[in-house]
2 protein chains.
Amino acid sequence: MSNKPYHHGNLRNSLIEAGIELINQEGLKQLSLRKVAALCGVSQAAPYSHFQSKEDLLLAMQDYVTEQLMEVLNNAIKSCPNQNDPYVLIAMGKSYVMFFINHPHYFPFLFSQPCMEINLSLEANGTKNFPPFELLKTNFFRIFGENGMMKEKMEDIIIQLWATVHGLASIATMKYVHYDKDWETKIEDIIWNKYGVSSSAERGDA
Amino acid sequence: MSNKPYHHGNLRNSLIEAGIELINQEGLKQLSLRKVAALCGVSQAAPYSHFQSKEDLLLAMQDYVTEQLMEVLNNAIKSCPNQNDPYVLIAMGKSYVMFFINHPHYFPFLFSQPCMEINLSLEANGTKNFPPFELLKTNFFRIFGENGMMKEKMEDIIIQLWATVHGLASIATMKYVHYDKDWETKIEDIIWNKYGVSSSAERGDA
DNA sequence: CAACTAATCTTTACACTGTTAAGATTACGT
DNA sequence: ACGTAATCTTAACAGTGTAAAGATTAGTTG
């Protein structure tokens, strides 16, 4: 006597969104296929009509979250007055970190298990690669690539930049981290890299 | 008729070491309490005489691995000719990254779930805090602290340094990362921070 | 040494998990 | 209108963490 139709109609997308909601609320470890199915009002085996396995659903959810991150990053780029100023890269980094601070469960979800391919070399811009890093490479190359900086040096700088930003996101989203400053106002200083071990030593900053 | 004694004799330590062996071989996701118990030749519920829960065993395993990391870091410090040269910090960072490259499963194991406390402020040197970061703070303060650098600035530099190093470890240990260079020879350049977005732009490096 | 206590381990059981197999229901193209 | 394929349900299985009850042994105390 239930008026619920036998077919859900939009189950695939609903599973993805319900899964992401669970991630946000309880974290990756608490996520189970059965909970997700129940959230969608559907039996435990129904997801297998749309995904080969739990991991397959997780991959789709990763794509979904990555798309959100890409939007945030693209907005950060657009909001820069000068698209060719190196500050574009800082703005991207800041948005990258803040994205994960605003959704702490997304970091372990995206990176603690097999995610997309990541290619650290500058030219490789394959379709399967992690889009946010490809976006960083593209913008860096646009800003610095036209005036003769050597490719290997650019690769090193990009890796350093991403490592710093990615490491900040990792640290800032740790569960038991204590920091009495405000991340949003601090991130930029830290990424700007005005100080640093070597430069402090060389300049005698101390 | 088995000659195996009823009591194991050293079960607590055996569980920790068997668990770490499983982590190294199959990764965190494949680790189960029952497998660890079986590896120790003991029944499935035996671990509960020594650990309150699976998570409790994992915490003990984290302590064990953290201790290994501390040895590596301390050796790196000792092998520096001048203990007061900023290079000590680079050597620590290099060892930090190489430690996780040599044991790729340790990174998600240590950081993707509740680990120890992490206190980013310089003075807080509590006992429960993540010892490798405390070691970094201690050494940084010894090298740079005696000549009037402001505390807040030191905190910023330490966070930046650790973020870079930690991010490098995260990226280098990702499962599907492609890098055609040799990490060991590249890490130092990247950590040294000679280039960087801001400095490249300001110096007109390009 | 004897006896009691506490620590350690086993067996059994339960709820939950991912996944598969079989079959029911429905949408859709011919 | 019918047949096929897509979608969903029910039932079942092996593996998981964990608790309860009891067996075995170590350690301590008289």
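Mentor: Rings of Phe, Tyr and Trp count as a pair if their centres lie within 6.5 Å. This is a predicted model, and a search of the whole structure finds 22 aromatic pairs over all chains.

Trainee: Why is the pair of Phe99(A) and Tyr106(A) called tilted?

Mentor: The ring centres of Phe99(A) and Tyr106(A) are 5.7 Å apart, with the planes at 35°. Stacked needs planes under 30 degrees apart and edge-to-face needs over 60, so the rest count as tilted. Both Phe99(A) and Tyr106(A) are buried.

Trainee: What makes the pair of Phe100(A) and Phe107(A) edge-to-face?

Mentor: Their planes stand at 85° and their centres 5.3 Å apart. An angle over 60 degrees counts as edge-to-face. Phe100(A) and Phe107(A) are both buried as well.

Trainee: Which residues do ring pairs link into a cluster?

Mentor: Tyr96(A), Phe99(A), Phe100(A), Tyr106(A), Phe107(A), Phe111(A), Phe130(A), Phe133(A) and Trp162(A).

Trainee: Turning to chain B, why are α4(B) and α6(B) called roughly antiparallel?

Mentor: The axes of α4 (residues 87-102) and α6 (residues 131-144) of chain B cross at roughly 165° and come within 9 Å. Angles over 145 degrees count as roughly antiparallel, and the two helices are therefore described that way. Their crossing is left-handed.

Trainee: What makes the contact between α4(B) and α6(B)?

Mentor: Val88(B), Leu89(B) and Met92(B) come from α4(B), while α6(B) supplies Leu135(B), Leu136(B), Asn139(B), Phe140(B), Ile143(B) and Phe144(B).

Technical notes. Residues are numbered from 1 along each chain as its sequence is written. Chains are lettered from A and ligands numbered from 1 in the order in which they are written. This is a predicted model: local features need pLDDT of at least 70, side-chain atom pairs count only at pLDDT 80 or more; totals for chains, interfaces and linings use all residues. Side-chain values use heavy atoms; hydrogens and water are left out. Rings of Phe, Tyr and Trp (its six-membered ring) pair if their centres lie within 6.5 Å; planes under 30 degrees apart count as stacked, over 60 as edge-to-face and the rest as tilted. Buried means under 20% relative accessible area, exposed over 50%, partly exposed in between (1.4 Å probe, protein chains only). Axes are lines fitted to C-alpha atoms, for helices over the stretch in contact, and angles run from 0 to 180 degrees between N-to-C directions. Helices (H or I, at least four residues) and strands (E, at least two) are DSSP runs, numbered from the N terminus. Angles under 35 degrees count as roughly parallel, over 145 as roughly antiparallel, 65 to 115 as roughly perpendicular and the rest as oblique. A crossing is left-handed if the near helix is turned anticlockwise from the far one by less than a right angle, and right-handed if clockwise. Contact means heavy atoms within 4.5 Å.
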